[in-house]
Amino acid sequence: MEIAHTDNTSLLRRLSPGDWLFALVLAGAAAFALRQYGGFMDIYDKAILALVVPGLAAIGWAWKPFRPFLAASAALALASISLYGGDLARAEQTFFLKYLISSQTAIMWMSALFFIATGAFWLGLVARSDFAEKTGSALTWCAVTMGTTGLLVRWYESYLIGTDVGHIPLSNLYEVFVLFSLITGLLYLYYEGHYATRRMGAFVLLVISAAVAFLLWYTFSREAQEIQPLIPALQSYWMKVHVPANFIGYGAFALAAAIGAADLLVRKGILASRLPPAEVLDDVMYKAIAIGFAFFTIATILGALWAAEAWGTYWQWDPKETWAFIVWLNYAAWLHIRLTKGLRGPMLAWWAVVGLLVTAFAFVGVNMFLSGLHSYGSL
Amino acid sequence: MRHRSTSRAIYELLSSMRFAISLLTVLGIASIIGTVLKQNEPYNNYLNQFGPFWFPIFEKLGLYAVYNSVWFLVILDFLVLSTGTCIARQTRPMLKDMRGFREHAKENSLSQFQHHARVLSTRPTGQARDAALAYLGKAGFKVRINAREDGVLLAAKQGSWTRIGYFLAHASIVLICFGGLLDGNLPLKLQMALGGKTTTSGNQLIADIKPESRLGLDNWSFRGNVFIPEGKSANVAVLNVQDGILLQDLPFSVSLRKFHLEHYDSGMPKRFASDIVITDTATGKSVEKTIEVNKPFEFDGIMMYQASFEDGGSRLRLIAHDLRPGSATAPFATGGAVGDSVKVPAPGFDYTLELGSFRPFNIENMAKDEQAETGLAANLEKHLGSGARSPTKKDMRNVGPSVQYKLRDSAGQAREYQNYMQPIEQDGAWYLLAGMRDSPSAPFRFMRIPVDADGKPDSFFAIRSILLDKSRHAEIASRFTATALGKDASEAIRGRMQETTRKTLELFAIGGFDSVGKFIESTIPEAERNKAADIFIKILEGSAWEASKLARASAGQPAVELDQKHGRLLRDTLNATSDSQHYGAPLYFQLAGFDEVRATVLQVTRSPGKPIVYFGSLLLVLGVFAMLYIRERRLFVLIKDSGDALIALSANRKSMDVEEAFRRHRDALATLLNPPAQP
């Protein structure tokens, strides 16, 4: 098992002209966005846009395949925007919009691609087919690209409904489920590259497929896909930072649970010859929970800062807040046991799997069963 | 001695990982309780929910405000204690560890490391040392050199900051808990316990509230609500504590100029904003400001937030229509402000009108349900395209203002009513909707009062009052008989017809269609009931037509044709008249006009813990990242004069990266110490 080479020399010294070009293109894109849409932003929105540039640059520098993904998503979104030309009705008239890159269609493509990718990964696992796994991987890349395009276009479409309606599509359960699928997909693709193995795909994609299945049910049976304007409490730049940070956390925890399940099987000797060794799975599980915990901590704090502005208090034990706290405690305990006690083995894997139940309850269950201030997507 | 060891044991337990993990688990489980049971509801709700036996037990357990209960705070305190002792216990060894290089490590112990390798060093010791030193420096290590008898040991380390991360993350927990405690209701509880403050009931005038229920300007931590109607001002906040209230004096007064309430086309709220003027009591200086959701404002250390809004006592003008059969009271005007209780201002009505709420507009979806397209392809197609497309047909329309009131009789019994001001179109005709319900939990049942072409319900009331007036039944019966039978009918038939009509009207006047239906059921064989019902309906419709003609004549209005439209009005009038028998009130209050007055509710807080919590949060983030992402590594390179070298690596955590890092450093150093021969 090879871990992709990491160097100790300082990051800046390792950067190639290509890296700098990437950063430059990002800065250019931000400047373009500012020129084109700056009128709809307040000073905080602009600051967030400015901070996104180094953020994406850092990801692109550390993880090269992220760049073509970003470029493709941006190109597709821009193509869609130019096809729209400011007229929502074109979504019904233009072939490419209707069947490829309008937001709903792109999200449907994302859903289909995730399903097919899951099938390909399982075929690869069962038939020991390298080709099938490569296909699964490529399809996952396509899926996250379509999903990202879908969200970007949805953002644009919301402004076409009315400038007072327009907002970043992170405001309800439907939109964040798309975000969850994408982020989990991207995290998986990162670890796939980092550990140079596609064998974990079958398990991670199962979790994503479950999320996509929910998304489709939510679309077809509850008609949840229609863009809704924002209630006053949600009209804030905080949404742009709080929600993504939260979903990096949720996505990473979901990934850790999928890997935990694989880890348990391997330890029982099931699929052991087809999956990566338990040692690798254990390492991925730890990395995912570490990054998830770090971002979940940030997200919860950002949420508290926002709550202080919107509801007048940074913490009031609203069910969503309390469940976020419970999720945080859960993974804090997990990390303590692993890092301080040095514990390894099936117990932590079980814990990671059960952790997903706690996380899922905080994510969806609270909206379904409990009521509170934070119910932006009821079922 | 024994005492010492006991306290030592307690200290060790408190600072142990076992204890910390158990605490995190207990805290997690305890937190769940408050999410399952709705917190801080009025006590009556809990009493209804749990009954008189469980209610006081749960109250004692603090389940209605779990997060402020003593036992929950005790668990939190233990968390602080556990974290605190853990920090205290770890500080010295950690600092020592951070500073030290362990340059005196023995060869023997280095060779016990999990990651170690022996390599050849073919270069002179000095050269080899310098080469290794340069490599380590470049790789980001700090190095300490220890020359020893048999060679030299380079003790290198990196990533010691991860230990600082530990302090930051754990100290932040203590800070956050402490700050949170200052902002919670503990300060208030202390004032109530030590300062002799007691809560009082909310149903009294502010001026009547006694000093022991008022908190002074020196109170440094509170959270309360200020209610201000448009054009009025307030200088006290109301704090809801358990099942009572406390008043908090403010060092300023806030007056509300205007409250802005904006909606999207769909009726969803879009903007709540209060234009306020704040006047400092001490200096008399004023500041004008608009407070919105997500845009709070701080004045004199007190934060003000847009919390909600209410009616501020809108003036309503109502027209009361007498519904009593046979009564001749003409419609009369009444009214009052929302929140008022008004005696009905007409003789013979011993009723109180309680004006509950007023809505200046109601946005409803008036679209008709349509047949959904079936088939998978069609269904998929429906969900493609833009996210802006509405999956269901919508026709959002403002159906105008509505008022909700209770009418209480002299016995204290009340029913609740909800009336719309403007006619609303339903099934092609226009109606005034008048809703009624017996209990607050039931939905409103609506009586549909048909209106004339000018939108007024006059025809309905006129026809209704004739139809229900016993003294006019004979007159209507004879007119109806004349119209229905023509001139040729025999006197006997005419008489029977008149009698049947009179009887029908009498039944209808008692309980509407219900009474007629019951009469049919009790007197007519089952096989003939449908036919009989048709006849009764025809009689009633014909009578309504006669009543309509009489009403128009007495009002001096020209006669009308019995066309389809008027026929519809007559049928609707009959339906509404029948429904009005079950309306449960002698009066229908039509909303005729209003002057809306809104009130804002601002939340005002003084939270001294906030900066502490925010600072703690910053430390927490820094600490978590430092702990998880700064990797501590120690690399030992022992170069012996004998041409032998030992490379050993240790890390504070086991992970796959350690293995990989060791391999990389070992290979690089091996090449440096034993360079391949130049070709």
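1. Helices and strands here are DSSP runs, numbered from the N terminus; a helix has at least four residues and a strand at least two. By that naming, Ala346(B) sits in the loop between β14 (341-343) and β15 (351-359) of chain B. The model is predicted. Take Arg214(B) as a reference point. Ala346(B) and Arg214(B) are 132 residues apart in sequence. In space, their C-alpha atoms are 43 Å apart.

2. Now chain A as a whole. Chain A contains 14 helices and zero strands. Read from the N terminus, its elements are therefore written α-α-α-α-α-α-α-α-α-α-α-α-α-α.

3. How does the radius of gyration of chain A stand against that of a compact globule? Chain A has 379 residues, and a compact globule of that length would have a radius near 21 Å. The value for chain A is 21 Å, so the two agree. Along the principal axes, the C-alpha atoms of chain A fill a box of roughly 55 × 50 × 45 Å.

4. Burial and contacts in chain A come next. Of the 379 residues in chain A, 59% are buried. Take the contacts in chain A with a separation of 6 or more: 75% of them join residues 24 or more positions apart.

5. The accessible surface of chain A is about 14700 Å². Carbon and sulfur atoms hold 71% of that surface. Chain A carries 23 positive and 22 negative side chains. The centres of these two sets are 8 Å apart.

6. One residue of chain A deserves a look: Ser111(A). Ser111(A) belongs to helix α7 (residues 103-127) of chain A. Is Ser111(A) buried or exposed? Its relative accessible area is 2%, so Ser111(A) is buried. Which residues does Ser111(A) contact, leaving aside neighbours within four places in sequence? They are Val212(A), Leu215(A) and Leu216(A).

7. In chain B, start with strand β24 (residues 598-606). Nine of its nine residues are buried. Arg598(B), Thr600(B), Leu602(B), Val604(B) and Arg606(B) point one way from β24(B). Ala599(B), Val601(B), Gln603(B) and Thr605(B) point the other way. Both sets are buried.

8. Which strands pair with β24(B)? Strand β5 (residues 222-229) of chain B is one partner, running antiparallel to β24(B) and joined to it by eight bridges. In this pairing, Ile228(B) stands opposite Thr600(B). Strand β11 (residues 302-311) of chain B also pairs with β24(B), in the antiparallel sense and over eight bridges. Here Met303(B) has Thr605(B) in β24(B) as its bridge partner.

9. Two loop residues of chain B call for a check of backbone angles. Most residues other than glycine have a negative phi. Asn40(B) has a phi near 55°, a positive value, and is not a glycine. Asn40(B) lies in the loop between α2 (17-36) and α3 (43-60) of chain B. With a relative accessible area of 58%, Asn40(B) is exposed.

10. Asp300(B) is found in the loop between β10 (297-299) and β11 of chain B. Its relative accessible area is 43%, so Asp300(B) counts as partly exposed.

Methods: Residues numbered from 1 in each chain as written. Chains lettered and ligands numbered in written order. Predicted model: local features only at pLDDT ≥ 70, side-chain atom pairs only at ≥ 80, totals over all residues. Heavy atoms only, no water. Rg over C-alpha atoms; globule rule 2.2 N^0.38 Å. Buried < 20%, exposed > 50% of the residue type's maximum accessible area, 1.4 Å probe, protein only. Contact = heavy atoms within 4.5 Å. Areas by Shrake-Rupley, 256 points an atom, 1.4 Å probe, with all protein chains shown as cover. Lys, Arg positive; Asp, Glu negative; His and termini not counted. Charge placed at Lys NZ, Arg CZ, Asp CG, Glu CD. Pairing = 2+ DSSP bridges.
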